[in-house]
Amino acid sequence: MKEEEKQTKKTIPMKGKSAMKKRWVYPAVYLSFAAVILTSVLWYQNDAKNVEKNNTPDSALEDNGAAVPVSLTKEQFQMPVADPEAIEVVKDFFSPDATAQEQEAALVFYNNIYYQNRGIDLATADNKAFDVTAALSGNVVKVAKDPALGFVVEVEHDKGVVTHYSSLASVSVKQGDQVKQGTVLGQAGENAYDKDSKIHAHFEVRKDGEAVDPVMAWDQSVAQLAAAVDDSRKEMKKAEEKKAAEEQKKAEEQKPGKEEKPAPKADDKGGKDMKDSKDTKDTKDGKDANGEQESSSQSAEDTGAQADDSGANE
């Protein structure tokens, strides 16, 4: 048995060792390892580029690294009502670019004062209550009861955008709630500020605390709305600067000319010479007149003396 095992061991060929003895084996092994390493490096670099490319504001990470659902960055503003087809806009946003008639219709009369409407007022045709919903997902930052506006709800979004809902008869959320687009915030009602609109919901969109026309927001994402508002503000600023420059230029052109300078001293001297000449002439004329007067007096005296002499001779 032992002899058979020894014979068997002797008959098994050592292919691995015999292959390693060949000269071309080692270079082939080195090339295989090099190919594997090179492939790994290229794959890693390509993967890193893809990660960097996808790290945009529309990705799942914000600029501060906080995780945000990708769906929220793609959301677009919607009408803040459960049934948009049953709702109509009863009062528009007051726009400086609107016609005089449109601006008049966008005024709110309260306490004997007209106020510009800073949002839009929504109501049904039959003046019934309706659900008011979140126009966009966000964080509820304010829930309050205002004596003039009724219940007020404000929802904060990205890029400094806040949506404002007022004239609510009741509310269904509280401050600090995270709401999704379409979440019911409350019920529309009446308020003391705008009695003419009866049962309605007042809706505003604000960017950095400034009210913007909600019509600009429809079918726009937060990023798109923010960019549009910033561009609009830049154009307005340029227009104001251009208008101010034109007014300044016009004011400078309308300024009166320079005042005339006083007459030169030479003219004064000439005037003085003319005055002296006149005085000299007047003096000379006076002297001539006095001389004539004296001559006349002398003649009269001579005539009187001659008459006396004639009388004496007689």
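Student: How is accessibility read here: is Tyr 114 buried or exposed?

Tutor: Relative accessible area sorts residues into buried (under 20%), exposed (over 50%) and partly exposed (in between), using a 1.4 Å probe and protein chains only. Tyr 114 is exposed, with a relative accessible area of 58%, and Phe 109 is partly exposed at 41%. This is a predicted model, in which local features need pLDDT of at least 70, side-chain atom pairs count only at pLDDT 80 or more, and totals for chains, interfaces and linings use all residues. Residues are numbered from 1 along each chain as its sequence is written, and side-chain values use heavy atoms, leaving out hydrogens and water.

Student: How many aromatic pairs does a search of the whole structure find?

Tutor: Rings of Phe, Tyr and Trp (its six-membered ring) pair if their centres lie within 6.5 Å; planes under 30 degrees apart are stacked, over 60 edge-to-face, the rest tilted. The search finds five such pairs. Phe 109 and Tyr 114 form a tilted one, 4.7 Å centre to centre with 50° between the planes.

Student: Which geometry do Phe 203 and Trp 218 adopt?

Tutor: Phe 203 and Trp 218 are stacked, at 6.0 Å centre to centre and 5° between the planes. Phe 203 is buried, at 1% relative accessibility, whereas Trp 218 is partly exposed at 21%.

Student: Which residues do ring pairs link into a cluster?

Tutor: The cluster consists of Tyr 110, Tyr 115 and Tyr 193, linked by ring pairs.
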